[in-house]
Amino acid sequence: MKRPEPQALASAVEALAARFGNRLITSQAVREQHAHTTTWLPTQPPDAVVMAQETADIQDVVRICAKHGVPVIAFGTGTSLEGQVNAPAGGICIDLRDMNRILEVHAEDLDCVIQPGVTRKALNEHLRDQGLFFPIDPGADASLGGMTATRASGTNAVRYGTMRENVLALKVVRGDGEIITTGTRAKKSAAGYDLTHLFVGAEGTLGIISELTIKLRGIPETIAAAACSFETVRGACQATILAIQTGIPLARIELLNAEQVRACNAYSKLTLPETPLLLLEFHGSEVEVAEQSRNFGEIAKECGGGDFTWTTKPEDRTKLWQARHDAYWSVKALRPGAGVVATDVCVPISRLADCVTETEEDLKRLNLLSPIVGHVGDGNFHCSLVCDVDNKEEMARGEEFMHRLVERAQSMGGTCTGEHGIGQGKQKYLKAELGPEAIDAMRALKQALDPQNIFNPGKIMPVG
């Protein structure tokens, strides 16, 4: 993967400056901001940033860059975790934050049409007085375009699915600057290839999303949050497995191991018992929520759970879930000055207890600090590894741990990433998971849709 020739890059930047004026930015600070990564991957900034305001802006950037063979990287809010917004070959970053209009809301059909820079919090604020909400919640106030590109999910995935299940149609700018429309507002279709879901999770390597049609849900009549402590991680995982298998319609079920609970208590000023903990949420009518809570309480008791408390007070629910969403920052505060690497895997829920338990044993053996938190209702959990990035020996242990974590998940029929994506950080695991034939098919799709390899080069595809 080579950088464009200096003259080609200069010609592209000159043409972009003529088209966009002061919306083309080349300052070092802004360029570095648009390659910021929360992993220990090195920051690789683009050569310039264009602030897009409409679809025609994206089209013109792509056309100019295609003419000169210059890479194009889409940027939403920069919250991806595997180097997806880095520019290893340089090029032009298209910042989509100003494409933040909610174009249409069809309340009777439970869908809406939006631009890619709309964030999930802004959308839900707009929808609130209509009794609707968008349920996918990855924690960060990410853009919906970015969430689609990385196939994001989050705490509500156990009930509402991921972005894959909640995107109906897309408009995508392809490599020649023309627009592909991938579907309609119909809830199902058998018309041709499923292009919508080809671009969901493509991490901007096949085209740039300029418009989305997504599903909405009605705000539940009653929402209850609950917390339940367990003697062991295995007991908490077993309660999760039984709850899923018996059909309790959980909206959220999150595991925090003892290390993570200690971190959350210190950072968020909580007084939770510092043992493995499940945080849960139930949605439905008042009667349904009460029944769901009782049923789970019985399962928890069978699996070694302690007192099971639940509340419908919005302020109590907000405090609990804010602590969960602040988990990364709580871990960072455990060791000021150290780096934190967030990584995730996902396994079939029947193997969840084994995977988490073996992971904790690995951390003890390697003398590493890595609190664990997970969307355990779908078998997905995260490790926040704390390391001194300047200590080669500690970093080597950290890399060994992450490699063993992925191998363990894959050996259990799972995946190297449940929701963070591949980006740069997990390319080396893709071939073992999908096989060389699948990689070849992916390369063929990339070549067909992006023959010049200008869209986010160096992401997803393993080198070689």
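Rings of Phe, Tyr and Trp (its six-membered ring) are taken to pair if their centres lie within 6.5 Å, with planes under 30 degrees apart counted as stacked, over 60 as edge-to-face and the rest as tilted. The structure is a predicted model, in which local features need pLDDT of at least 70 and side-chain atom pairs count only at pLDDT 80 or more, whereas totals for chains, interfaces and linings use all residues. Residues are numbered from 1 along each chain as its sequence is written, and side-chain values use heavy atoms, with hydrogens and water left out.

By the ring rule, the count comes to 2 aromatic pairs. One of them joins Phe133 and Tyr160 edge-to-face, at 5.8 Å centre to centre and with 90 degrees between the planes. This pair links distant parts of the chain, since Phe133 belongs to strand β7 (residues 132-133) and Tyr160 to helix α6 (residues 157-160), 27 residues apart; helices (H or I, at least four residues) and strands (E, at least two) are DSSP runs, numbered from the N terminus.

An open sheet of 5 strands has the order β5-β6-β10-β8-β9 with antiparallel pairing, two strands being paired if DSSP finds at least two bridges between them. Strands β5 (102-106) and β9 (179-181) stand at the edges, each with a single partner strand, so one side of each is left without a neighbour in the sheet. Within this sheet, 4 bridges join β6 (residues 111-114) to the antiparallel β10 (residues 208-215), and Val113 stands opposite Thr213 in β10. Helix α4 (residues 120-127) packs on the sheet, touching β5, β6 and β10, and its direction makes about 50 degrees with that of β5; axes are lines fitted to C-alpha atoms, for helices over the stretch in contact, and angles run from 0 to 180 degrees between N-to-C directions.

A further open sheet contains 7 strands in the order β15-β12-β14-β13-β17-β18-β16, again with antiparallel pairing. Its edge strands are β15 (305-311) and β16 (339-346), each of which pairs on one side only.

The axes of helix α9 (residues 233-245) and helix α11 (residues 286-302) come within 9 Å and cross at roughly 140 degrees. The two helices are therefore oblique to each other, where angles under 35 degrees count as roughly parallel, over 145 as roughly antiparallel, 65 to 115 as roughly perpendicular and the rest as oblique. The contact (heavy atoms within 4.5 Å) is made by Ala239, Leu242 and Ala243 of α9 and by Phe296, Ile299 and Ala300 of α11.
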